[in-house]
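Please look at the sequence and the structure together before reading on.

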Amino acid sequence: MASRRPGKSYADAAAPGSTPGEQPSEFDSDTSPAVPMHVIWKLVGFTIAMITTPVGMYFVSVNFGASTTVSGIIAAVMANVILFLYIYVAWQEDKEEREAEAAKKKGKKAE
């Protein structure tokens, strides 16, 4: 620290409104989520389905007289069905985005 610079500290210089005449703005930061809300809602929906569907199918099949082994197999199959549905929905969404980008690029080349 032999060569300390005179003047403001780093914290003072980085604070909003530290420069004369500068007013701190209320809208400086972007707090929007990095992931779109429809993606978050799909994830929440599939998470709820992943929890409730296998458990529900287990108890429904036990109540209809199936053994616990068969009920466990049904629950595992339903968990896999939900998982594959999630993958399919995500794949279709990605496919739509790629097609939209390709059409946009094709439109730019036509101009």
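Val44 counts as partly exposed because its relative accessibility is 34%, where buried means under 20% relative accessible area, exposed means over 50%, and partly exposed lies in between, as computed with a 1.4 Å probe on protein chains only. Val44 is placed in helix α2, helices being DSSP runs of H or I with at least four residues and strands being runs of E with at least two, numbered from the N terminus. The model is a predicted one, in which local features need pLDDT of at least 70 and side-chain atom pairs count only at pLDDT 80 or more, while totals for chains, interfaces and linings use all residues. Residues are numbered from 1 along each chain as its sequence is written, and side-chain values use heavy atoms, with hydrogens and water left out.

Val44 also belongs to a nonpolar surface patch, together with Val35, Met37, Ile40, Trp41 and Ile48, and the accessible area of the patch is about 540 Å². Such patches are made of residues with over 30% relative accessible area and no salt bridge, where nonpolar side chains (Val, Leu, Ile, Met, Phe, Trp, Tyr) are joined within 5 Å and like charges within 9 Å. The areas come from the Shrake-Rupley method with a 1.4 Å probe, and for residues only the protein chains shown count as cover.

Of its 111 residues, 9% count as buried, and its accessible surface comes to about 9500 Å², of which 65% belongs to carbon and sulfur atoms.

The UniProt record, an unreviewed entry, places the feature "transmembrane region" at residues 39-60 and 72-91; such annotations may be inferred rather than shown by experiment, and feature names are shortened, with positions given in the numbering used here. In the model, residues 39-60 are 100% helix and 0% strand, with end C-alpha atoms 31 Å apart, and residues 72-91 are likewise 100% helix and 0% strand, with end C-alpha atoms 29 Å apart.

Gly72 lies in helix α3 (residues 68-110), and Ser61 lies in helix α2 (residues 37-63). These two residues are eleven apart in sequence and 9.1 Å apart in space, C-alpha to C-alpha. Ser61 counts as buried because its relative accessibility is 8%, whereas Gly72 is partly exposed at 32%. The side chain of Ser61 reaches the backbone oxygen of Tyr58 at 2.9 Å, and, leaving aside residues up to four places away in sequence, Ser61 touches Ala66, Ser71 and Ile74, a contact being heavy atoms within 4.5 Å.

Which side chains meet in salt bridges? The whole structure holds two of them, each defined by a side-chain nitrogen of Lys or Arg within 4 Å of a carboxyl oxygen of Asp or Glu. One joins Glu93 and Lys42 at 2.5 Å, N to O; since Glu93 lies in helix α3 and Lys42 in helix α2, this pair ties together parts that are 51 residues apart in sequence. Glu93 counts as buried at 16% relative accessibility, while Lys42 is partly exposed at 32%. Another joins Arg98 and Asp94 at 3.3 Å, N to O, and because these residues are four apart in helix α3, they are separated by about one helical turn. Arg98 is partly exposed at 45% relative accessibility, and Asp94 is partly exposed at 36%.

Technical notes: A polar contact is a pair of N or O atoms within 3.5 Å; within protein, one must be able to donate a hydrogen and the other to accept it, and residues adjacent in sequence count only if both atoms are side-chain atoms.
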